[in-house]
Amino acid sequence: MILASQSPRRRELLALITEDFKVIPAKGEEMLPDGISPKDAVILLSRQKAAEIYKEYKKETIIASDTVVAIDGKILGKPKDKADAAEMLRLLSGRRHSVFTGVCIISADGSEKSFAEETNVEFWELSEQLIEQYVASGEPMDKAGAYGIQGAGALLVKCIDGDYYNVMGLPVGHLYRELSDTF
């Protein structure tokens, strides 16, 4: 089994299901058509990653994943810089948003299964001071929506409705069931 991701969080989460996997990150550029829904976006991106790795490792099962934050129909990926991270956090402050994670599994026989999980997250009202401190920590810089729920970003979150691990980047329970049904 190959995890097509460079995310240390996804590595930790897949290890809850199995220890028997290798990590080979996909390197392709992420491309999305205009107007695509967040759910369709994460499925498309995870399929692109899985297909890229499957081309070289056809005898392996490939698992790829992608996560976005969405609010008001707008997809928030990883911030470009600190100013972008602060702007995302201001947008999320005191509001509910959705976290979508798409997963694609391609088995050694070439069969493919994709799905997306949605978790709703509500943030506390965030002060400018908290936003500045959090951005200065560097934690938001490699995370969709500019926060990580498993780190200091937990201070921003008022409540969640759905799979906590989905917000971290891999819906473990759903993935386990898909793998159990498939293999």
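Residues are numbered from 1 along each chain as its sequence is written. In this predicted model local features need pLDDT of at least 70, and side-chain atom pairs count only at pLDDT 80 or more.

**Exercise 1.** Describe how helix α3 packs with helix α4.

Solution. Step 1: α3 spans residues 82-92 and α4 spans residues 128-136 (helices are DSSP runs of H or I, at least four residues, numbered from the N terminus). Step 2: their axes lie 10 Å apart at an angle of about 140 degrees. Step 3: the two are therefore oblique to each other, as angles under 35 degrees count as roughly parallel, over 145 as roughly antiparallel, 65 to 115 as roughly perpendicular and the rest as oblique. Step 4: the contact (heavy atoms within 4.5 Å) is made by K82, A85, A86, L89 and R90 of α3 with E128, I131, Y134 and V135 of α4. Step 5: these residues divide into 6 nonpolar, no polar and 3 charged.

**Exercise 2.** Describe the lining of the largest pocket.

Solution. Step 1: the lining has 37 residues, and R10, E30, K49, D66 and K78 lie nearest the centre of the pocket. Step 2: α1 (8-14), α2 (38-56), β3 (62-71) and α5 (164-168) each supply at least two lining residues. Step 3: by class, the lining holds 16 nonpolar, 10 polar and 11 charged residues.

Conventions
Side-chain values use heavy atoms; hydrogens and water are left out. Axes are lines fitted to C-alpha atoms, for helices over the stretch in contact, and angles run from 0 to 180 degrees between N-to-C directions. Ala, Val, Leu, Ile, Met, Phe, Trp, Tyr, Cys and Pro count as nonpolar, Asp, Glu, Lys and Arg as charged, and the others, Gly among them, as polar. On a 1 Å grid over the protein atoms alone, a cavity is a set of points where a 1.4 Å probe fits but cannot get out, and a pocket is an open set with protein on both sides within 12 Å along at least five of seven lines; lining residues have an atom within 4 Å of a point.
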